[in-house]
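Have a look at the model first, then work through them step by step.

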Amino acid sequence: MDITIIGLGLIGGSLGLALKSRGWEGKIKGFDENPSHMDEALSLELVDEICQSLDDALEGSDIAVVAVPVKAIPDIVVHIADNFKNIIITDVGSVKKYILDEISKKIGNRYIKFIPGHPIAGTEKSGPSAALSDLFVDRRVVLCDNRFEEIRRMWEFVGAKVEYLDPETHDKIFGAVSHLPHLVAYALVDAISMMEEEEDAFFRFVASGFRDFTRIASSDPVMWRDIFLTNKKSILQSLIFFRNAIDKLEAQIIMEDEENLEKQLAKAKETRDRAISRMK
Ligand code: NAP
């Protein structure tokens, strides 16, 4: 089966590299609207060939993987569905309901071969040079549709474990466990920047706590702008819980409530340790 990857950055590039390094039986073709990313992807051997137009890249392929920022995904999916009816389309976007809603605004109830997907793997880096051949090994990939075995097989081929979730549940869960932490990391950097304006040199003393907590604030701003705006409802809902948690800690500090503050921190430590051990 030949695969076309549209968007040759961290996720698309890693998928191409992983498929190639594990010996996928078909051809891996790539297209990116950024010409220098196409050159880079070819020189890093992330794909077998790059094509100068989207349609050239799609011609003759069996699967198309759309790996561009969330807001750009629906138009590309509709274009492929309209012009390459035999291709099975999937995407890797971090938000699912927005993408499906935008597609149905454009095509109504028309049947298309589109399987929404989201690999739960990544780093704060972007572009082809960030691609890693083992990015998906032992990582989950969420699919929102089980119609085409080919997509499941592709992800399992690169070492991932496939799980199915409906789009609303996907967005609610990832609004909390992924999108909220990114928002908080960006906000924390902003908060310290505001303090630094008044009292110079804060950033001169940052250490591992700051680095570990804010690593994800080095992620691509366009990608995260799109995610925050397209998963607005779930993120705003998660923020209510986050504000409550901050308020609780603030109150315990103001009241010097040693007992409850310690209980609260111990409970968070235990929950965090358990969640991380389940990741492995
Ligand atoms: P990335 O490294 O920035 O790669 C995206 C690539 O697509 C870039 O080369 C970009 O070019 C190109 N592009 C943008 N618009 C395009 C279009 N209309 N047509 C063709 N190419 C286009 O981003 P990424 O981290 O791989 O993220 C891609 C998708 O994966 C996003 O939807 C994101 O939500 C999802 N995702 C990301 C992660 C993560 O940790 N990064 C994890 C899971 C899922 P320019 O850079 O010039 O715009």
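**Exercise 1.** Does tyrosine 186 count as buried, partly exposed or exposed?

Solution. Buried means under 20% relative accessible area, exposed over 50%, and partly exposed in between (1.4 Å probe, protein chains only). Tyrosine 186 has 24% relative accessibility, so tyrosine 186 counts as partly exposed.

A note on the source: this is a predicted model, where local features need pLDDT of at least 70, side-chain atom pairs count only at pLDDT 80 or more, and totals for chains, interfaces and linings use all residues. Residues are numbered from 1 along each chain as its sequence is written, and side-chain values use heavy atoms, leaving out hydrogens and water.

**Exercise 2.** How many aromatic pairs does the structure hold, and what is the geometry of tyrosine 186 with phenylalanine 228?

Solution. Rings of Phe, Tyr and Trp (its six-membered ring) pair if their centres lie within 6.5 Å; planes under 30 degrees apart are stacked, over 60 edge-to-face, the rest tilted. The structure holds 5 such pairs. For tyrosine 186 and phenylalanine 228, the centres are 6.2 Å apart and the planes are at 85°, so this pair is edge-to-face. Ring pairs also link Tyr186, Trp224 and Phe228 into a cluster.

**Exercise 3.** How many disulfides does the structure hold?

Solution. A disulfide is a pair of cysteine sulfur atoms within 2.5 Å. The structure holds 0 disulfides. As for accessibility, cysteine 51 is buried at 7% relative accessible area, and cysteine 144 is buried at 18%.
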